[in-house]
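Have the chain open on your screen as we go.

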Amino acid sequence: MLGNGVVGILSESTNKWERRAPVTPAHCARLLRGSAKTGVSRIILQPSTKRIHHDAQYEDVGCEISEDLSECGFILGIKQPKLDMILPDKTYAFFSHTHKAQRENMPLLDKILAEKATLFDYELITGDHGKRLLAFGKFAGRAGMIDFLCGLGQRFLSLGYSTPFLSLGQSYMYSSLAAAKAAVISVGEEIATAGLPPRICPLVFVFTGSGNVSQGTQEIFNLLPHTFVHSSSLPDLFETVGDPQVGKSSQRAFQVYGCAVTSQDMVVHNDPSKSFDKVDYYAHPENYKPIFHEKIAPFASVIVNCMYWEKRFPRLLTSTQLQDLIKKGCPLVGISDITCDVGGSLEFVQRTTSIDSPFIRYDPDENSYHHDMEGSGIICSAVDILPTEFAREASQHFGDILSKFIGNLASSTSLDGLPSPLKRACIVHAGALTPLYDYIPRMRNSDIEVSSQTLQPLQTAKMKHTKMMSLSGHLFDQFLINEALDIIEAAGGSFRLVKCHVGQNTSALSYSELEIGADDKAVLDKIIDSLTSLATPRDEHVNSENDMISLTLGKFKDNGTEEENGVRSEAAVLILGAGRVCRPAAEFLTAVGRDSTKKSYITEDMKEETSPVHVIVASLFLKDAEEITEGLPNATAVQLDISNEEKLHHYITQVDVVISLLPPSYHSIIASACIQSRKHLVTASYVDDSMSKLDESAKSSDVTILCEMGLDPGIDHMMAMKMIDEAHARGGKIKSFTSYCGGLPSPDAANNTLAYKFSWSPVGAIRAGRNPAVYKYDGEIVHVDGEKLYDSASKIRIPYFPAFALECLPNRNSLVYGDLYGIGNEASTIFRGTLRYEGFGGIMGTLARIGFFNTEATPMLKDETRPTYRSFLLSLLNHSTEYSDGLVVGEKWIADQILSHGLCQEKETAIKTAKTIVFLGFHEKAEIPKACQCAFDVSCLQMEERLAYSGTEKDMALLHHEVEVEFPNGQPSEHRGATLLEFGRTEGTRSYTAMALTVGIPAAIGALLLLGKTVKEKGVVRPINPEIYEPALQILEAYGFKLVEKTD
């Protein structure tokens, strides 16, 4: 049985701290709600009182709770279950740790084979380029780093120093990853303001490795005030800041230092004339000697170990080397061994620690271990179950990916119907090993345990002719060992496994030594030739001392990026348009994947790792593009007229994703070019008819056109759909949906009677104020004529920001969002409004009735003799200009005219309107420029000049949703709110408006998700699906946007 539509979820039994779940209640709700599409008809969970999501939460979304999973065709968990939990003829998915023939897990494999079950291993679910899709590495790094900072504060206190780290708790003590990060940020703020004690400065953190684990640790480290330095600059750092031999500085430091090191910083070739070569090092580590203890460790306060290690490689630090360092006064305070590799690259880490007791103190002089912080030596942490400290986020991250495969596994009746990532991950099917893994019994039969240990050679095989051969490469995760053994046996030869070191992650290579034998010399030569053909030609090597042939099999990969002929691949994004929105987007993207400079938001959960991004900014005027790219690493400015079809196609074909920040009228042209070149496109504009028509052609070309990826539209969609989907997942119905959004001056910049300013041309904003609107209120459809839109403004107060005196104007057609959000048939109220400060609608409505926004040509503006603003105003108020020279056109006179002509009913509004007219300069005697041909032109000109932001003033973006949810079975209703408040920023010499940030950053995030292949949907899409809005909102928060949710 592969799947019968019934999914079972195991209770985790391996460790008391294991609180993770393979899928969350929200994932289950989507699977059950879409059963026709997912094939999941039921979900049964074994009860658990320690799972991060309680049983009742799963029951609320339609799951069943039972110890008995016998009805389930597909059963999943996180860790290996107990043997008695394996049922006959079932399909299982978990981390089995069996595909490398690990001896300790062979009983589990035997049990699965005996029960004629099917086994899928999460570790083997990989993308097209061999990269694992399901992993917890970053969470291990995040949790481990926070835990160590907590212990660091305690250790410093025992040494006599009070530091901000002392206020930090362990990761599991925080309600969420965001809360833990906030605590680290608070520590960082204290360091930045109060500093660190001089005698522990400079405080240097050395990070080993460059994979997910290391990225997770550095993500937390980056929340502190810090500077990354190259390994070669460590001595200079101590010359500047302090003396590493005495571990003290002359003054307090207000930051910490980081240094990320990889293999090339740890070893050098034995032959001084040869430089470091990673491929050669992995294949022949015996040719290299360690230098970490000489070049790096003497300057490290903390070593954060995140790298995989095998015994055939030099150690990072031996016990003897550590003793020598401590004797020489090395400032080393502690070791955070995230890899938890006992007796591994750090020889003195001889035992694991636990979440309950995460630290031991190692005294090098006595070679002794202690469970306290007092005394000499260094503290060490080596916890092997770190990701579960962030069980909620880790489960969410894992389930986001796994849930996409569950439908296939739950409903497929054969392997043939499964996508290739799942086929490759199936170790056992119906009680038999699948062809990809039939090497496992051959490895077991060789009488050698496949492990990371160095093994003693066996006796020579009883064959006339033998040859020793070493194989290195991705032998197991790319199944090259299978192919090698097939070659040997197909030719009639035999083999004995002499040594085997297994890479424990996808970036690490495995190494095996085989003794190959044959009775016929020609057969042996044929085997060797065939094996050699698997290797890259330059990687064949003969060791003259033992006549061993060494081969590196397959294509070598470095941190997920293919490397051929020394050229490293790089993602590329083309941004069209060089306006205000462009710079934030370009900065965001060029920060991706740059270890020493990347910001913490870059390392938030991404479904696929993204290599460094090269950004090309194209503008009609090269100077504008160059201003955007100035100072940005890996950014290029080009001149481009998009009407030049050949040149447009040229630049599109050079990149992976295009972002169009041009006006909407250009988008269909750009989208058509992207579809033709099979490149993805992101825009922040609404989907119009011209874009909708491209949906089918985009799908047929496997292209995603991601539109409405800004603020409004964009973030408004994402925040709304998150609340709506969560309510639906719990069986609720949306009774009312209201949404308000506006770009406004910050309160201190709202210093005119209109309380409004423009960061760009006011033309669009004023025209939008004349659009008709329609919405639903209490089941009734309400139409608002465009001429009366300003008069329909109503007062509103945002619950979280009651000090803001606001009003809202109906925003176009709200009804379409009922269909778009899937609530049209259940919500009695659907309203979207534009936010302004209170009084705006009354003033603008009065200005409109006076005639300031008329677009018909005005006769007096056609005269060769140019009218003044004063005479123009008088004509609008129907006052003769013939005898007006002595007339005092001031606020009182204007207000009286407004009231006497019936243009406004309220005296207060008339006075405010008069003040606005004077503020805009319409009472002045200056001539109106010839370019103005109508009242609308004159008004836009004055507003653009008089209502502009000064150099120090900032704008703000405010978005607020309110949702009323009804639940069945007498459950209480809920009122949910979600709010975004973002102000303009100044960083260095550059200023960024809130509108530019809230439009540019979402657009850049959209490009990042497309680069990482997170977005699977093709065609013209909006950010209303979880695969887009969930990671996008997480990145927005990590970037620093203030997103607040509240439920009453």
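What follows is a set of questions and answers on sheets, helix packing and one record annotation.

Residues are numbered from 1 along each chain as its sequence is written. Keep in mind that this is a predicted model, where local features need pLDDT of at least 70, side-chain atom pairs count only at pLDDT 80 or more, totals for chains, interfaces and linings use all residues, and side-chain values use heavy atoms, with hydrogens and water left out.

Q: In the open sheet of seven strands, which strands are the edge strands?
A: The strand order is E31-E30-E29-E32-E33-E34-E45, with parallel pairing. Strands (E, at least two residues) and helices (H or I, at least four) are DSSP runs numbered from the N terminus, and two strands pair if DSSP finds at least two bridges between them. The edge strands each pair on one side only, and they are E31 (635-639) and E45 (1019-1021).

Q: What is the bridge partner of Thr704 in E45?
A: Strand E34 (residues 704-706) pairs with E45 in the parallel sense, over three bridges. Within E45, the partner of Thr704 is Gly1019.

Q: Which strands of the sheet does helix H18 touch?
A: Helix H18 covers residues 582-590 and packs on the sheet, its direction making about 160° with that of E30. Axes here are lines fitted to C-alpha atoms, for helices over the stretch in contact, and angles run from 0 to 180 degrees between N-to-C directions. Contact means heavy atoms within 4.5 Å. The strands touched are E29 (571-576), E30 (613-619), E31 and E32 (657-660).

Q: Why is H18 called oblique to H19?
A: H18 packs against helix H19 (residues 622-629) with their axes 9 Å apart, at an angle of about 50°. Angles under 35 degrees count as roughly parallel, over 145 as roughly antiparallel, 65 to 115 as roughly perpendicular and the rest as oblique. The angle of about 50° is therefore what makes H18 to H19 oblique.

Q: Is the crossing of H29 and H30 left-handed or right-handed?
A: Helix H29 (residues 891-900) and helix H30 (residues 907-919) pack at about 130°, with axes 8 Å apart. A crossing is left-handed if the near helix is turned anticlockwise from the far one by less than a right angle, and right-handed if clockwise. H29 passes H30 in a crossing that is right-handed.

Q: Which residue in E17 stands opposite Asp363?
A: Eight strands form an open sheet with mixed pairing, in the order E8-E11-E7-E14-E15-E18-E16-E17. Strand E16 (residues 360-363) pairs with E17 in the antiparallel sense over three bridges. Opposite Asp363 stands Ser368.

Q: How far apart are the end C-alpha atoms over residues 992-1012?
A: UniProt, in an unreviewed entry, places a "transmembrane region" at residues 992-1012; such annotations may be inferred rather than shown by experiment. In the model this stretch is 86% helix and 5% strand, and its end C-alpha atoms are separated by 27 Å.
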